[in-house]
Amino acid sequence: MAPDLLDTMLSATAAVIRDNAEALTALDQAIGDGDHGINMKRGFAAIEAEKAAVVALALPQALQKIGMTLVMNVGGASGPLYGSYFMAMGKAMPPEAVTVAALAEALTAGALAVQQRGKSAPGEKTMLEVLVPVADAVRQAAEAGMSMDALLAAVREAAARGLKSTRDMLATKGRASYLGERSIGHLDPGAQSSQLLVDSICDVVATALAATKVEGV
Amino acid sequence: MTEYVGIVIVSHSLDIARGAADMVRQMVGEEVPLAWCGGNADGGLGTDVAAIKAAIETVYGPAGVAILVDLGGAETNSEMAIELLEESWRDRVLICNAPIVEGAVMAAVEASGGAALEDVRATAEELSP
C-alpha cells in the first residue's frame, strides 16, 4: 500500500475515534463499564503519535505495529481484541501486491484472532458482528470480481447491518453479559467502534479512488 | 532451596490489587514471590498489558507463576501479557479461574508449602462455584 494512503487512514481513524469517543463511552455506560471511548481514544492517539514509524514499514509489519501499540495503550479488553485483530491481519497479509482476495484472507484471519482472544463467536453481541460480515463482504467481492466502488458499498453495508443487529442481541460475553436481558435494546460499543473504523477506512479509499479517476491514471 | 510458585494479582483497581497483596503478605508471609498491578496506563480503572507483563517477570522462576484476576478485561489482558513473554516461560504461567482476594490468599498458602504450579491453581480454583 502507498505510504501516504496508510498515513491518511491512520489520521482518519484516530479522528473518527476521537470525535466519537463520548458516544462510545455513552454506549459503554449503558451496558459495559463506560471506558470504551476513552480507551480507544488513548490507543488510536498512540498510533497517530507513531505514525511516521508505522508508515515507513512494509504493510504486514505496519499492521503488527498498530496491533502492538493498541495492546500496550488501550487499557481495556478492547486493547488485546483490536490488537490481536491487527497483528493477525499483519501476519496474514502479503508484503506487496495486495489483492482483494489477500485482503479478504487477512480480514478473516483478524476476525478469527478476535474470536480466539475473546473466546467468543458471532451472535454474542460483540465487535465480531461487524468484523466477520466485513471480511465476508470482501471475500464475496473478490470472488465476484466487483469494482472497488461496489466493494466499498458492500463493506459499508455489511458493517452497518452488523452493528444494527447487535441492538436486539443478548450479550453473553464481556461486561455486558452481567446485565443479561437488560443488555437487549442497546448497540454494542465494540461493534460501534468497529463500524466507525471500517466506514472511515472506506472513506479514505473512496477519496483516493476519486482522486485517481480525476487524474485519469 | 525451595523454588516457590510466584503469585501475580491483576485488578482493574490499584487499591484492590494492593489490598489483596497486603492480605497475602499478612496471612502467608514473605517467602512466596508476589507482584500486583492495577489500573490503566493513565492511572484510571483498567488493566495494562505492559504492567502485567512486568509483574509476571518480577516473580517468574522455574516453579512458574499463578495469576489471579478480577473482571474479564483483566483476564484478556493477562492472556495477552503471557503471549508476549519469552516463549519458554509461557507454559509456566497460568491464570486461575478464582475470586481474586480469596484465590490469591489460597494460591499463596498452597505455594508457600512448596506445591507445584498446577496444584496451586487447583487449590485457588476450588473456591469457584
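1. Burial in α5 of chain A. In this predicted model, helix α5(A) contains a set of buried residues: A62(A), L63(A), Q64(A), I66(A), G67(A), T69(A), L70(A), V71(A), M72(A) and N73(A). The cover over these residues includes α1 (3-19), α3, α4 (51-55) and α6 (78-92) of chain A, and also α2 and α3 of chain B. Both chains therefore contribute to the cover, since a residue counts as buried if 20 or more other C-beta atoms lie within 10 Å of its own.

2. Length and end of α5(A). The helix runs over residues 59-73 and has 15 residues. From its first C-alpha to its last it reaches 21 Å, close to the 21 Å expected at 1.5 Å a residue. Just after the helix, G75(A) adopts a positive phi of about 90°.

3. The contact between the chains. On the side of chain B, 14 residues are in contact with 16 residues of chain A. Helices α2 (49-59) and α3 (72-83) of chain B each supply at least two residues of the side that touches chain A. The largest share, five residues, comes from α3(B). By class, this side of chain B divides into five nonpolar, seven polar and two charged residues.

4. V49(B), a residue with partners in both chains. V49(B) is found in helix α2 of chain B. Is V49(B) buried or exposed? It counts as buried, because it has 27 C-beta neighbours inside 10 Å, and the cut-off is 20 or more. Leaving aside residues up to four places away in sequence, V49(B) touches V71(A), M72(A), G79(A) and P80(A) in chain A, and N77(B), M80(B) and A81(B) in chain B. V71(A) and M72(A) are among the buried residues of α5(A). The C-alpha atoms of V49(B) and E86(B) are separated by 15 Å, while the two residues are 37 residues apart along the chain.

5. Packing of α2 and α3 in chain A. Helix α2(A), residues 21-31, packs with helix α3(A), residues 36-49, at an angle of about 140°, and their axes are 6 Å apart. This angle makes α2(A) oblique to α3(A). In the contact, A21(A), E22(A), L24(A), T25(A) and D28(A) of α2(A) meet H36(A), G37(A), I38(A), M40(A) and K41(A) of α3(A). The classes here are four nonpolar, three polar and three charged residues.

6. Confidence. Chain B has a mean pLDDT of 94, and 98% of its residues reach 70 or more. For the complex, the predictor gives an ipTM of 0.79 and a pTM of 0.89. Where pLDDT is low, predicted coordinates should not be read in detail.

Key:
Residues are numbered from 1 along each chain as its sequence is written. Chains are lettered from A and ligands numbered from 1 in the order in which they are written. This is a predicted model: local features need pLDDT of at least 70, side-chain atom pairs count only at pLDDT 80 or more; totals for chains, interfaces and linings use all residues. Two residues are in contact if their C-beta atoms, placed from the backbone, lie within 7 Å. Helices (H or I, at least four residues) and strands (E, at least two) are DSSP runs, numbered from the N terminus. Ala, Val, Leu, Ile, Met, Phe, Trp, Tyr, Cys and Pro count as nonpolar, Asp, Glu, Lys and Arg as charged, and the others, Gly among them, as polar. Axes are lines fitted to C-alpha atoms, for helices over the stretch in contact, and angles run from 0 to 180 degrees between N-to-C directions. Angles under 35 degrees count as roughly parallel, over 145 as roughly antiparallel, 65 to 115 as roughly perpendicular and the rest as oblique. pLDDT is the predictor's confidence in each residue, from 0 to 100. The expected span of a helix is 1.5 Å times one less than its number of residues. A residue is buried if 20 or more other C-beta atoms lie within 10 Å of its own, exposed if 12 or fewer, and partly exposed in between; C-beta atoms are placed from the backbone.
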